[in-house]
Amino acid sequence: MRSHSLVVVLSLGSAALALLGQFPVSTTDESGRPLDIANLDNDKSHSYSFDSKTAQWRFDEGPAENATGNLIFDTVHSFLQHWPNTRYRNGHNIVPGVVPTGTLLYHGTGRKTIPSGPEWTATDPEHSLLFAARGTDSGWHLTLATTRPLKILYFDGSSAAKVAEGTMDTQDIIAWEEVQPERFFDERSRIKDLCRWGKEFGIDGFARMEMDFEVMLCDFTAGVELVSFLYVRLSPKDKDHFPPSPPPLDPNNRQFEVMHSGSWHNRYPGDSRIVLDLTGLVSLYDIALAPSLVPVRAGLERWDHRVFGISSNDISKVMRKLTEVISRAHPTNSGLDWKTLIHVIVDRYANRLELMQYLLNFTSSDPQEVLERAKLAQIQLRVMVMPYLLDSTVVPSAGTSGVDTLQWASPIFRLCATTHTSVMISQIPFMTPSEHLLLKAVEETTREICRVTTKMWAVGVMNGLDTLFPIELDGEPDVLQIMNDRRQDIEKLMSWLDWSIWIKCRPACGPEEMCYLPTWPNNAPGRRHPPQPPRDPRNSTDAPAEVQDLADRVGYPPEGSVIAGEFSFIGTPEEWKKPQPKCIRRLPPYGF
């Protein structure tokens, strides 16, 4: 017998303690019942979604056409990471969280005035310094420190990129109760209306991402204190011209350094200064929550997924769920660390699947070379399923045929698919609806990984490629066909998983370069000044200078253009829609 805390195994990290008091997390079993882990039957599945019947573990049954478990799994794993949220910029998730006590936030302005209303703050000073100089060589830079955990909502994707293609959709639902693509540049109304809505629930701000991460702070007098308010030199003094000319884009590498600071958060764990409570996840990939988006997404590539097109009824359901999540006083949940669990699964399979893809991307006219490569691949497949290879496994004799030829390997498939989640059955009564969604996403994802890898391994066994389970063959195996089938299987699996960890610069960048994905505003095709949104009578005064958007200054380049100067801005529709990694210079001359 073990205590509840040991059964859970995946304990909350220390950073997550900042969530307590804002979005309280219960880590105790209210029933006080311990789970006996000493007598778990490893031949039985404890998953509440998948039972142990052989029919449930058929190798010819892949994911349902409209299944979104893989998308939920990947977006959750990608939270607060710059790289995957640059690649797929249209977010589908709203997540409660906190900015922990003692975190620094930065705000650049052209005036020596602390904002009296909602404004934007950056998590890295390189970002905020861009907004400090407005046509001058110097500007004011405000540094704040949080005095308590700030209660925030996080929008995933490139949710601060000002484009009409879907980056703002989830925010529109909260601010205006509908998606309004034409208002993608209406940031002043957006921040005011979001903060007005959030005030009832004690929301201090909203976390988003563009070139780097930012927090839309609703009140500069609540939960933060002044660290410094400095007048900083940003460009060489212009003594020959009056009025002073706008500073060039590159005097102090400022434009590039924003991209550089954003790249610090490219991979897991991402920007750790924002701590999310996944037990309150609201996902628009949840088919039960937003069924109207299923036909909207049908036939589209993932690049084109967005929330625009959601029904008013589904918006009402989303808002009800969100309100329930952020209104919980002392919620009961499982205490499981979902973030770590999902990362463990990605860690376990990402590199091995990539190696398998490399091994199978092989052609040769020499049959012996093909056979040796097939055996190498077999060894790697066996490594992946090794923890589940029961000694009692009986491989049928060569020549066995029929639809159930591989069903002897179904116990291995089942163990592989359920090991990470089988013990969680005792936690199901304490899971929030969001946790049920996470569990389903994990199960769907591990099931497909294990279905494909176990099948490829089992086919190799049946064709005499595995020395651990040797069989006598009647003739020579068709190794070329086996390799072709495996290649198709691994490509299809990796495409379905679609993990951004596999997207990288090849070959790796040199010491004077960094790997870069085209992002807003540098690579966004379009007009420099979009049509102005209708003015809201509640916001009749002009916005102060510091809230003028970065794109108003650097502009959207014409399609395919190269702007003169040390910075080159290149934007084509294909490069923008489907960003691919490339090496860019870290030293002058810069180029994007």
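Student: Which residues in α10 do F73, V76 and H77 in α2 meet?
Tutor: This is a predicted model, where local features need pLDDT of at least 70, side-chain atom pairs count only at pLDDT 80 or more, and totals for chains, interfaces and linings use all residues. Residues are numbered from 1 along each chain as its sequence is written, and side-chain values use heavy atoms, with hydrogens and water left out. Contact means heavy atoms within 4.5 Å, and helices (H or I, at least four residues) and strands (E, at least two) are DSSP runs numbered from the N terminus. On the α10 side, the partners are I342, H343, I345 and V346.

Student: Thanks! At what angle do the axes of α2 and α10 cross?
Tutor: Axes are lines fitted to C-alpha atoms, for helices over the stretch in contact, and angles run from 0 to 180 degrees between N-to-C directions. Those of helix α2 (residues 69-78) and helix α10 (residues 338-360) come within 10 Å. Since 65 to 115 degrees counts as roughly perpendicular, the two helices are therefore roughly perpendicular to each other. The crossing angle is roughly 105°.

Student: Is L80 buried or exposed?
Tutor: L80 is found in the loop between α2 and α3 (82-87). Its phi is near 65°, a positive value in a residue other than glycine. Most residues other than glycine have a negative phi. At 5% relative accessibility, L80 counts as buried.

Student: And where is D498?
Tutor: D498 has a positive phi too, near 55°. At 14% relative accessibility, D498 counts as buried. Its place is the loop between α14 and β11.

Student: What is omega for the peptide bond from R506 to P507?
Tutor: P507 lies in the loop between α14 (479-497) and β11 (513-516). Most peptide bonds are trans. The bond from R506 to P507 is cis, with omega near 0°.

Technical notes: Angles under 35 degrees count as roughly parallel, over 145 as roughly antiparallel, 65 to 115 as roughly perpendicular and the rest as oblique. Buried means under 20% relative accessible area, exposed over 50%, partly exposed in between (1.4 Å probe, protein chains only).
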